[in-house]
Amino acid sequence: MRGAAALHSEQFRHEALLYSGWAEFVTGTVPFIREGLRASEPVLVVESLEKIQLLKDALGQEAGAVVFADMAMVGANPARIIPAWQEFVSFHPGRRLRGIGEPIWKGRSPDELIECQRHESLLNTAFGQGRPWSLLCPYDTDNLGSSVIEEARRSHEFVNEGGTVERSNVYRGFEASGAPFDVPLPEPGTGVLRLPFAKDDLVKLRGLISRQARTAGLAATRTAELVTAVNEVATNSIRHGGGAGSLRVWQEQSVLICEIADTGRFDQPLVDRLCPAADLSAPRGLWLANQLCDLVQIRTLAGGTVVRLHMRLQPREPRLHVLPNGPDQGSTDDN
Amino acid sequence: MRFLFKSSQVLDPHSLLSQNEGCIHLSAHVNRKGGFGIDEPFDAALGGDRVYGDKRLIVTRTLRPHGLRFAGEIDATNSDAVGECLLKTVTLQDQDLHLDVSALIFCDISGIRSFVEAAEVRKGGRLMLHGLPELLQTVMRVTGWAALPKLVICGCGGPKP
């Protein structure tokens, strides 16, 4: 049962579904999908492979009309999720659409989690003044902390809880969703290499990253990708961030992290996740960094901009989300 | 959709390579008795004139095929000079312009932008990139520059040493 908030508004509708267990997941998502199918709306579901199978079983033949995608692949770097939704919207001009996307699950690292939360807010910025379509974001209350659920209430205008949909009274709103992101980044531990740089130091910067990556055991291809990405971010510092910057490189467990800091002001919240425009002058550096690196963290702080690029030493294979109960427990049928 | 519907195409770097149409290497291979062979570097016998050089990049002119050869690194320090090379030294706008980039060991977005700009201003002929390293193919794909009508990424692998 849906609450008073009308689903068919003339705006983008961003709704969090707070569920506990497989049965609540199914009863919260399947009617949403079926409503869309009956209204001939294209439906895209970006979920774990386990939940995709669960939904296919529940939908039966109707599943054939739904497009499914693996969130572990699409959202490995959370900054790549908005471009996927952008393409979905662009692929169906003039039509109402529905989507389900669950970017946050228990196994996300702390760094990934906070970038997922930033992603959830930026969805409002990306689509809040565009076409009307509905995006439902399931949150697994059994396995996510209370602070994660509270943040979901702030990043979603609507919250579906226990079958009732209500407008969130702590939703931060459209303007604040795209405000500069200034959540502090944790300071690295020991073993940090530093290099102040200007234009003529780019070759030295590339050499330092390449050597550190090789020492850490990063594969040659991923090393070249990391070097390319960091060079672009450093070039942004040179061109737009005061003409110079500083590089820090360190390793945290199995992740190599490169940080570029400069005195520039980062004021385009979507510039790293909007597919570049065709014209030659369109910015591409941060977009490219998000395509090449496992995670990119951008912060606008009092002293300037900080960009951290993460590269896992061993690329993570797409993996399944972990739920407490197997799909054989609980109802998979909403009838 | 780039990430969902066309993922297999996007993930395959070879998918953006041309079918060697118009490739000087392939045509030379087919007709090697009549001209220079596929195993020969760009106009090796002629000796290319240097049109640009700095500590990290050398650009030489090639006459057969008509074009330039880049060896070294392109970044913010020299990409403007690369753009000027491309726009000023190559004047035969109605012919295909062949760039041997097989010895390019680094090229940032500003360098690729120079290639794209040179392709877009051509009046008749295309700009053909030979031997583009795989990473740069990836960069061109994700930055939206892999499918331009006047820019061909040739799958020939470039001239053999």
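This is a predicted model: local features need pLDDT of at least 70, side-chain atom pairs count only at pLDDT 80 or more; totals for chains, interfaces and linings use all residues.

**Exercise 1. Find the salt-bridge partner of R98(A), and say which elements the pair links.**

Step 1. Start with the partner: R98(A) forms a salt bridge with E35(A), with 3.4 Å between the closest N and O atoms.

Step 2. R98(A) belongs to strand 4 (residues 98-101) of chain A and E35(A) to helix 1 (residues 21-38) of chain A, so the pair links distant parts of the chain, 63 residues apart.

Step 3. Check the burial of each end. The relative accessible area of R98(A) is 1%, and because buried means under 20%, this residue is buried. E35(A) has a relative accessibility of 31% and counts as partly exposed, because that class lies between 20% and 50%.

Step 4. Look at what else R98(A) does: its charged end sits over the ring of F32(A), 5.0 Å from the ring centre.

**Exercise 2. Work out where the buried residues of helix 2 of chain A lie around its axis, and what covers them.**

Step 1. List the residues. Helix 2 (residues 49-59) of chain A has K51(A), I52(A), L54(A), L55(A), A58(A) and L59(A) buried.

Step 2. Look down the axis: the buried residues of helix 2 of chain A fall within an arc of 160°, so they line one face of the helix.

Step 3. Find the cover. It includes strand 1 (13-19), helix 1, strand 2 (43-47) and strand 3 (66-70) of chain A.

Step 4. K51(A) lies over the face of F25(A), 5.0 Å from the ring centre. After helix 2 of chain A comes G60(A), with a positive phi near 60°.

**Exercise 3. Describe the largest nonpolar core and name the residues that touch the most other members.**

Step 1. This core has 68 residues, and those touching the most other members are L226(A), L247(A), L309(A), F70(B), L99(B), F115(B) and L129(B).

Step 2. Its largest share, seven residues, comes from helix 9 (residues 220-240) of chain A.

Step 3. Zoom in on L247(A). Beyond its neighbours within four places in sequence, L247(A) contacts residues including L193(A), F197(A), L208(A), V230(A) and I260(A).

Step 4. A second, separate core has 32 residues, among them W85(A), F88(A), I104(A) and F127(A).

**Exercise 4. Compare the geometry of two aromatic pairs, F12(A) with W133(A) and F70(B) with F115(B).**

Step 1. Begin with the total: the structure holds eight aromatic pairs over all chains.

Step 2. The rings of F12(A) and W133(A) have centres 5.1 Å apart and planes at 45°, so this pair is tilted. The pair ties together parts that are 121 residues apart in sequence. Both F12(A) and W133(A) are buried.

Step 3. F70(B) and F115(B) are edge-to-face, with 5.3 Å from centre to centre and 80° between the planes. F70(B) lies in strand 3 (residues 67-74) of chain B and F115(B) in helix 4 (residues 109-120) of chain B.

Step 4. Ring pairs also join F12(A), W85(A), F88(A), F127(A) and W133(A) into a cluster.

**Exercise 5. Summarise chain B: how many helices and strands does it have, and in which order?**

Step 1. Chain B has five helices and six strands.

Step 2. From the N terminus on, their order is α-α-β-β-β-α-β-α-β-α-β.

Step 3. Of the 161 residues in chain B, 52% are buried.

Methods:
Residues are numbered from 1 along each chain as its sequence is written. Chains are lettered from A and ligands numbered from 1 in the order in which they are written. Side-chain values use heavy atoms; hydrogens and water are left out. A salt bridge is a side-chain nitrogen of Lys or Arg within 4 Å of a carboxyl oxygen of Asp or Glu. Helices (H or I, at least four residues) and strands (E, at least two) are DSSP runs, numbered from the N terminus. Buried means under 20% relative accessible area, exposed over 50%, partly exposed in between (1.4 Å probe, protein chains only). The arc is that of the directions from the helix axis to the C-beta atoms. Contact means heavy atoms within 4.5 Å. A nonpolar core is a set of buried Ala, Val, Leu, Ile, Met, Phe, Trp, Tyr and Cys residues joined through side-chain atoms within 4.5 Å. Rings of Phe, Tyr and Trp (its six-membered ring) pair if their centres lie within 6.5 Å; planes under 30 degrees apart count as stacked, over 60 as edge-to-face and the rest as tilted. A charge sits over a ring if NZ of Lys or CZ of Arg is within 6 Å of the ring centre and within 35 degrees of the ring normal.
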